[in-house]
Amino acid sequence: DIAIECDTSQVRNSIVVRGGREEVSSNFVQDFKGDGEAREWILREKPTTMVSIELDTGAGFVTKTYGIDPLDEDTGNDFMFNFQEKYVRATSTTTTPDDTDDIVRVTYKYKVPVIVKLKSATSILSMIALEGGDGLHEHVIPRSDVDSKSEAREVALKEIAEWGNPLVTGRFKTRTGLLTAGTVFKTGQVLTVNLTTWGINTDTEYLIQEVEIGLVEDGSTIEYTYKVTFGGRLIGIREFLEGLAGEEKVILDTEEIDRIEAFEEIITITES
């Protein structure tokens, strides 16, 4: 006799981590084809770092000198660029790129918002089997202290590891006559469950939380009955417990510690 319940109210398997800062992108390249008239080109993003400005007139790209507009002078530069207005322009000494083979190539870095979205395919498939639908349980985490996508990814992975699986509570009833000789159930044991009729198709470990033992005596025959309650998450109960056991908490010299000590106390009472 077995019954299994799944609590999916806390499941989060599609996580968006929104950082509070921005990070610098890798090199971004924009090419502008000459048309014989244009001498100024709009950049897609505001550059934080200009890597290079090159010009190809048919014989390959050649690196050109550039300055910041309006901080630098045109003299001595082939091109100028502006951070805020995000444009690049040719100086008066630079020939207008024509419409044959001329290409202006601008390579720069820019700031990108730290937003990472991570999904757990395993959890989503489990939720589809349990609930139907698309199986998605989305959650957004705003973290002002996260300033890189790699850090945001770590936050999302940790969130999925902790909340990506539903809480499972199961109960079953059995008796010693159905068990291998010497088998007993105790709280704290790890129970392996594989029941396709309940949607658990692979060996999955849960923790035994409660055991109720009964006694049935039929003449000279004595048999014990077990009512076992188990639970946990669909994935990783053993790893979770091992992680808790392996955590090391360091106490610093500067930390305050509340110490509570119990001692024996004798009180004499007289009646008058």
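Before I name any strand, let me say that helices (H or I, at least four residues) and strands (E, at least two) are DSSP runs, numbered from the N terminus. What we have here is a predicted model, in which local features need pLDDT of at least 70 and side-chain atom pairs count only at pLDDT 80 or more, while totals for chains, interfaces and linings use all residues. Residues are numbered from 1 along each chain as its sequence is written, and side-chain values use heavy atoms, with hydrogens and water left out.

I will start with E223, whose place is in strand 15. Its side chain makes a polar contact with the side chain of R175, at 3.1 Å; a polar contact is a pair of N or O atoms within 3.5 Å, where within protein one must be able to donate a hydrogen and the other to accept it, and where residues adjacent in sequence count only if both atoms are side-chain atoms. Not counting residues up to four places away in sequence, E223 touches R175, T176, G177, G214, L215 and V216, and contact here means heavy atoms within 4.5 Å.

Let us turn to the interior. A nonpolar core is a set of buried Ala, Val, Leu, Ile, Met, Phe, Trp, Tyr and Cys residues joined through side-chain atoms within 4.5 Å, and buried means under 20% relative accessible area, exposed means over 50%, and partly exposed is in between, with a 1.4 Å probe and protein chains only. In soluble globular proteins, nonpolar side chains tend to be buried together. Which residues have the most contacts inside the largest nonpolar core? They are V88, V104 and V106, in a core of 16 residues. Strand 3 (28-33), strand 5 (47-56), strand 8 (79-82), strand 9 (87-90) and strand 10 (103-119) each supply at least two residues of this core, and strand 10 gives the most, with five residues. There is also a second, separate core of twelve residues, which includes V168, I200, Y206 and V228.

D31 is found in strand 3, and because its relative accessible area is 42%, D31 is partly exposed. The side chains of D31 and R105 are joined by a polar contact of 2.8 Å, and, leaving out residues up to four places away in sequence, D31 touches I103, V104 and R105. D31 and L43 are twelve residues apart along the chain, and their C-alpha atoms are separated by 9.7 Å. Setting aside neighbours within four places in sequence, T107 is in contact with N27, F28, V29, M50, V51, S52 and E54.

Finally, let me point to two details of the backbone. Most residues other than glycine have a negative phi, and most peptide bonds are trans. K86, however, has a positive phi of about 45° although it is not a glycine, and K86 is found in the loop between strand 8 and strand 9. At 28% relative accessibility, K86 counts as partly exposed. The peptide bond from D69 to P70 is cis, with omega near 15°, and P70 has its place in the loop between strand 7 (66-68) and strand 8.
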